[in-house]
Amino acid sequence: MNCAEMNLLLHAYADGELDVVRSLEVEQHVKSCATCAAKMNSLKALQSAFKENDLAYSAPVSLRRSVRQIARPPEDREARLPRDLQWFWKWLALGATAVAILAIVIRPMGISQNDALVGEVVSAHVRSLMAEHLTDVVSSDKHTVKPWFAGKLDFSPAVTDFAGQDFALVGGRLDYLNGRTVAALVYKHNKHFINVFIWPAANAPSAQESFHGYNVVSFDAGGFQYYLVSDMDEPGLTQLAGLLGQGK
Amino acid sequence: MPHLDAAYNLARWLAGNDHDAADIVQEACVRAFRYGSGFRGGNSRSWLLAIVRNMAYTWLKKNRPKAIVSIEDEDLAEIEDPGAPAFAQADAAVLRAALEELPAEFREALVLRHLEGLSYKEIAEVADVPVGTVMSRLARARQQLQSYLARKGVK
């Protein structure tokens, strides 16, 4: 083995990442090569320089406090409220439960699984706009967006830019819906953003719904479930759904 | 909250200031708790650090686009060999300044290895790259660090 090949191994050796056989090879080489021996020494010097000078930052107290707040379970938060407020919340919770039960009982069809999913889809859409976390990968190029999903998902969604039809691909993102990680493609039409959530599913329902002022169109194609959500009008969404359906 | 110091340390080295580092970690924690179900066992420190890293890069892309210089990991053969370097006399201030000079990917590799003591495999999980890439990044990062120190006259 020559010195150029040895270079990487020296680093891995100094980091304690080599197996016994490789470690012996490195030790053997260093014994007989002054250049690599000098390099090894300097690597060790660097390691001790990092050990002697602690360059790590620790989390400030204010951050520690706010993170504890995020991590605290809801009951714990309640326990910190004054007693009369606690009662207020308990009554309120009781009232809300009663209303919810009545709503379920009275509603003739009951709350279907799809309704819950539509709510989840709309929440994910709103959250993506609110948190300014619309895209993880920003690109109108399907050759950039599609490979980005590979390795992050256990399926590979079709990615197509419909800029010609005025639905420009903005980028992609991972999201979590219906108990699994899903692909989210983001399109832009005039000033409206459209989230397209995609995951593998068979025989999923096709539907158009409206929820809190957002339109949701769902369909399945090629073994994938598509959920489109936006504040744009329903015919526009249906048009994009058509394009996506053909794109398969 | 375990690993909060590690999370903050990584965010602080990537963002370059206290305020934004705290914001990044806080947002990462919100995500970690919200998507906690995305954690399927394994190393919870790497998992949290990977979220912090993603948030930090999103922040960098938006606020410091120049800080992200894409580096090619393949052209390892082209690493020039600067001969025998010496780090023995590098003090904290010089070392800190040298680290801050490095591209984000190199800086994070060194921070995770030397400041947090992560293994190659753990760094690979955090940075979402193969272990071989971690190995070459660390080697190149140290070589850049070394030429910086040489320029500053550290012997």
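This is a predicted model: local features need pLDDT of at least 70, side-chain atom pairs count only at pLDDT 80 or more; totals for chains, interfaces and linings use all residues.
Let's start where chain B meets chain A: 35 residues of chain B are in contact with 29 residues of chain A. On the chain B side, the elements that give two or more residues are helices H1 (4-15), H2 (18-34), H4 (92-101), H5 (104-115) and H7 (131-151).

Now zoom in on one meeting of helices. Helix H1 (residues 3-14) of chain A packs against H7(B) at an angle of about 95°, and their axes are 9 Å apart. Because angles of 65 to 115 degrees count as roughly perpendicular, that is how H1(A) sits relative to H7(B). From H1(A), the contact uses Asn7(A), Leu8(A), His11(A) and Ala12(A), while H7(B) brings Met135(B), Ser136(B), Leu138(B), Ala139(B) and Arg142(B). That set splits into five nonpolar residues, three polar and one charged.

Next, move along chain A to its sheet. Seven strands line up in the order E1-E2-E3-E4-E7-E6-E5, making an open sheet with antiparallel pairing. At the edges are E1 (137-138) and E5 (207-211) of chain A; each has a single partner strand, so one side of each has no neighbour in the sheet.

Look at one pair within it: E2 (residues 168-177) and E3 (residues 180-189) of chain A run antiparallel, joined by nine bridges. Leu169(A), for instance, has Tyr187(A) in E3(A) as its bridge partner. Finally, helix H8 (residues 142-149) of chain A lies across E1, E2 and E3 of chain A, running at about 10° to E2(A).

Terms used: Residues are numbered from 1 along each chain as its sequence is written. Chains are lettered from A and ligands numbered from 1 in the order in which they are written. Two residues are in contact if their C-beta atoms, placed from the backbone, lie within 7 Å. Helices (H or I, at least four residues) and strands (E, at least two) are DSSP runs, numbered from the N terminus. Axes are lines fitted to C-alpha atoms, for helices over the stretch in contact, and angles run from 0 to 180 degrees between N-to-C directions. Angles under 35 degrees count as roughly parallel, over 145 as roughly antiparallel, 65 to 115 as roughly perpendicular and the rest as oblique. Ala, Val, Leu, Ile, Met, Phe, Trp, Tyr, Cys and Pro count as nonpolar, Asp, Glu, Lys and Arg as charged, and the others, Gly among them, as polar. Two strands pair if DSSP finds at least two bridges between them.
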